Amino acid sequence: MSDWTKMSKDELERQYSPSRWSLRMSADDVIRAHVAALKSGTEKARAVTQTLIDVPYGDGDREKLDVYLPSSPSPDLPLVIYLHGGYWQFLSKDESGFLAPPLVQKGVVVVAVGYSTAPTGNMDLMVSQVRRSVACVIQQYSHISGLYLCGHSAGAHLAAMVLSTDWSEYDVSPQIKGALLVSGVYDLQPILSTYVNEPLKMTGEVALRNSPSHFLSQLKVSSTSCDIIVAVAQNDSPEFRKQSEEYFKKTKCVCPQALESAGLAVSLEDVPDTDHFSVIEQLADEHYSLTQLLLKMMGKS
């Protein structure tokens, strides 16, 4: 496996350009198709489910939630928080409801989180925002049967940072029961010299303190009963695949038998016939393997 520190800037840019690895269409076309799929999926979700749109969790313009509710809520609903991708600079909660229909119809609440993408927001702020959004959800929905996270790409990075949160700073103790991390970046250091960092303007110090692969000891403390699925697309780039594989291996190493018996478990899911975009788009399909894994995690399959 290649060492990113020995790669040229051009090669790193290629490795961290997911659209260049899709076998379905050109780089520009796959991004356009991705945005269109998320938008149309979210429009459908808003048409077929009960929704609460733009629920504030803070004072910032982007600090809002969209909530997708089952038509017949029971007192012990599971709740999934979805954190969108877009390389921390693109997309929003307004394209993040696409996964709701198959979950809501099984009695699951879905919450899509907004956060301040770059250049308006920086990495420290985004991590703080998603942590505060989780604290807010816990306070507003204290009756739920279980809290679960799902994130894609940059959103998988943010979800992993949530798993490694010291919650004493937030006056809550969320018991996160499960997390589906899809095609994420768990060590930010390789992207420092790439185009991805141009709007983020991260220093090495900022990248390090926001890299979840470096905070697994905190995960062991904060997420002791969490079922973590690290999913990666078959046609993600080698470096993207390595990010997921390394995070899985490192997390597995800090999950001794005692923690696994208490419920902290981690597995790696290599999703066939998918690229960086289709691997998350297909969560709109109730029969898709990752949709089924998410429902099974919540006891709803």
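This report covers one glutamine and the salt bridges of a predicted model.

## Gln129

Gln129 sits in helix α4, which spans residues 123-140. Its relative accessible area is 1%, so Gln129 counts as buried. A polar atom of the Gln129 side chain lies 2.8 Å from the backbone nitrogen of Ser116.

Apart from neighbours within four places in sequence, the residues in contact with Gln129 are Tyr57, Glu63, Tyr115 and Ser116.

The structure holds 15 salt bridges. Side chains of opposite charge can pair when their charged atoms come close. One of the salt bridges joins Asp3 and Lys6, with an N to O distance of 3.2 Å. Asp3 is partly exposed at 31% relative accessible area, whereas Lys6 is exposed at 68%.

Another salt bridge links the side chains of Glu11 and Arg14, at 3.1 Å from N to O. Both residues belong to helix α1 (residues 9-15), where they are 3 residues apart, about one turn of the helix. Glu11 is partly exposed, with a relative accessible area of 23%, and Arg14 is also partly exposed, at 32%.

Arg241 and Glu245 form a salt bridge in which the closest N and O atoms are 3.8 Å apart. The two residues are 4 residues apart in helix α9 (residues 238-253), so about one helical turn separates them. Both Glu245 and Arg241 are buried.

## A salt-bridge network

Salt bridges also link five residues into a network: Arg46, Asp54, Asp66, Lys93 and Asp94.

Technical notes:
Residues numbered from 1 in each chain as written. Predicted model: local features only at pLDDT ≥ 70, side-chain atom pairs only at ≥ 80, totals over all residues. Heavy atoms only, no water. Buried < 20%, exposed > 50% of the residue type's maximum accessible area, 1.4 Å probe, protein only. Polar contact = N/O pair within 3.5 Å; in protein donor to acceptor, adjacent residues only side chain to side chain. Contact = heavy atoms within 4.5 Å. Salt bridge = Lys/Arg side-chain N within 4 Å of Asp/Glu carboxyl O.
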